[in-house]
Amino acid sequence: MDFEEIKKPDQNQFTVKSNIKNYDDSYEKSSWDEIYSELDWLPGGGLNKAYECIDRHVKNGLGEKIAILWEGKNGEEEIYTFKQLKDLTDKFANVLNSLGVKLGDRIFVFMDRLPECYIAVFGGLKIGAVVGPLFSAFGPDPVKDRMEDAGAKLLVTQPELRRKISNMLGDLNDLQNIIVVNKDNRDNNPLIEQDLSYEELMEKSSSDFSIANTSQYDYSIMHYTSGTTGKPKGAVHRHQAIVQQYATGKWALDFHHDDIYWCTADPGWVTGTSYGMFAPWSNGITQVIYEGGFSASKWYSIIEKYKVSVWYTAPTAIRMLMKSGEKPVKQHDLSTLRFIGSVGEPLNPEAVIWGNKNFEQPIHDNWWQTETGAIMCANYASMNVRPGSMGKPIPGIELAILDKDFNPLPPNKSGLLAVKPGWPSQFHAYWNNSERYNSRFKKSWYITGDEALMDEDGYFWFQGRSDDVINTAGHLVSPFEVESALIEHPAVAEAGVIGIPDKIAMEVVKAFVALNVGYEWDEKLKREIMRFAREKLSAGVAPRDIGYVDSLPKTRSGKIMRRLLKARELGLPEGDTSTLEDD
Ligand code: ATP
Ligand code: MG
């Protein structure tokens, strides 16, 4: 592919420049100390995410600035300023205080994207609790597993979700209180047994609260990983993570004070808190929160209506937008969009090119994981995007590619993607699983579980998860590379690629594809796609066989679960499927 195909639009037309004008200069100059000093800190030297995200803006005269532009699933609209958020989160912290929640207690929030979900999370942080947000589409088992593992003391939820998990709540020995939010009286019968009404508690509560004097090393939030490669792990983060979330908001997402930002991730996943709460609000940015689900035309109309300038989304969503075609794009005025970012999976070059054509700017891929807490590697606004690359490490972050003995490899060699420990948003534990945690650190590196290579210009290229990389006749094949080639075929909407054991070649490549509207699966199309793949890739790398699926198995956060494709193909046990999306 000719990378010069991708031309950056003239950023001057928006009268903004990237925060990082020249990547290499700023890399040399930047130090975390400078960023530490841009935050306010608590009197006495403590650090609390809620203070940095909300209270300090009120103190600094930004109380009337809009923090949330909320749109409900039924079209309801609400606006909250930073001052309103301060008062509401202070009130909720007082509620938690009156219920005996103490520093370090785990409280879980199992809610849709309602403003009260955000109020509960920040109220919890203000009192020094460790907050565990849960994705609202979870059924009872995943909720139970996580709350039991974490020893959760309190749950904040809403009536229909409370009913969904009722049967298992009695098994949670540490759970003391359930607070139920009945948004706009949507439910006629919201409370069961000893449940507490959020609205009643808040009515009685004072908005006079002093934030707990948490240190930067106190735990703030815990997220269970997506479960793409196996059983989800409870990664625990500290208040200190705000330092990197704040910095990467400016550097990697190009936040400017007058931006309107929309992060489409749910707070049940790490992107929905690190970048749906902490990064934008620590930067004092106004953000759109949309309660409803995906629909191409609805999403475009949200961008148009709220004049979204920075948009952070995921490859699955982008592939779905591509599938819905160019027509809905053209029906909306998306001219306010200045920066588009993507995370969660590798972003296929085809998607970058499609974005460039339809949004008149490339989509900026960046890489990180639940454990890293914040963006680690990114395509900045100021960089030339190389489609298919996840960019370069952010300032202050050292990434390396290691061989199997954990020694650094030279450029253009594929190997284990590793990070030099000590970055501010580094996770500090897998809850109840120190063995697993310790196993991630080898020879002074944190081993991410992904494979990548770095080219001679320092750009990083994702190859696959270590578990997914295919070894065929001595060649290591990146499933991402094969998938990216397949989706360039007009019939192919999505592709998932796995290795099948083979006596001679060790493994052979097999692909599964889902088709775009208007295409029918038959032998002729299969042969045509196989020929297409052979022309794009070398014969050894191209799939030996292609199977058809209506849709690929994905996690609820939208990641392709190749391990399930493989288990199903080989008739093996499916393992942990707690995060599998419904068909
Ligand atoms: P589990 O650890 O439970 O298997 P998971 O790794 O999918 O689940 P997350 O922490 O949500 O859980 O996802 C992080 C992973 O997602 C990364 O390690 C990487 O494999 C993938 N990923 C995220 N962003 C990118 C990206 N820009 N390019 C390629 N892969 C990415
Ligand atoms: Mg992982």
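Start by selecting F92 and Y198: both are buried. You are looking at a predicted model, so keep that in mind as you click along.

**First stop: a ring pair**

Show the side chains of F92 and Y198, and you will find their rings tilted against each other, with 5.7 Å between the centres and 40° between the planes. F92 belongs to helix α4 (residues 82-98) and Y198 to helix α8 (residues 198-204), so this pair ties together parts that are 106 residues apart in sequence.

Now select F427 and Y446. The centres of these rings are also 5.7 Å apart, but the planes meet at 70°, so this pair is edge-to-face. Colour the surroundings by secondary structure: F427 is in the loop between β18 (415-419) and β19 (429-430), and Y446 is in strand β21 (residues 445-454), so the pair ties together parts that are 19 residues apart in sequence. F427 is buried at a relative accessible area of 1%, and Y446 is buried too, at 0%.

For a group, select W262, F294, W299, Y300, W311, W354 and F359, which ring pairs link into a cluster.

**Second stop: charges over rings**

Select K183 together with W70. K183 lies over the face of the W70 ring, 4.9 Å from its centre. Then move to K420 and W445, where the charged end of the lysine sits over the ring at 4.2 Å from the centre.

Go back to F92. Which residues does F92 touch, leaving aside those up to four places away in sequence? They are I119, A120, G123, V156, I179, Y198 and M202. The largest nonpolar core has 96 residues, and F92 and Y275 touch the most other members. Next select helix α5 (residues 115-126), which gives the most to this core, with seven residues. A separate core of 28 residues includes I260, I303, L321 and V385.

In soluble globular proteins, nonpolar side chains tend to be buried together.

**Last stop: zoom out**

Show the whole chain as a cartoon, where there are 18 helices and 27 strands. Its radius of gyration is 23 Å, close to the 25 Å that the globule rule gives for 583 residues, so the chain is as compact as a globular protein of that length. The C-alpha atoms fill a box of roughly 70 × 55 × 55 Å along the principal axes. Of the 583 residues, 64% count as buried.

Terms used
Residues are numbered from 1 along each chain as its sequence is written. Chains are lettered from A and ligands numbered from 1 in the order in which they are written. This is a predicted model: local features need pLDDT of at least 70, side-chain atom pairs count only at pLDDT 80 or more; totals for chains, interfaces and linings use all residues. Side-chain values use heavy atoms; hydrogens and water are left out. Rings of Phe, Tyr and Trp (its six-membered ring) pair if their centres lie within 6.5 Å; planes under 30 degrees apart count as stacked, over 60 as edge-to-face and the rest as tilted. Helices (H or I, at least four residues) and strands (E, at least two) are DSSP runs, numbered from the N terminus. Buried means under 20% relative accessible area, exposed over 50%, partly exposed in between (1.4 Å probe, protein chains only). A charge sits over a ring if NZ of Lys or CZ of Arg is within 6 Å of the ring centre and within 35 degrees of the ring normal. A nonpolar core is a set of buried Ala, Val, Leu, Ile, Met, Phe, Trp, Tyr and Cys residues joined through side-chain atoms within 4.5 Å. Contact means heavy atoms within 4.5 Å. The radius of gyration is taken over C-alpha atoms; the globule rule is 2.2 Å times the number of residues to the power 0.38.
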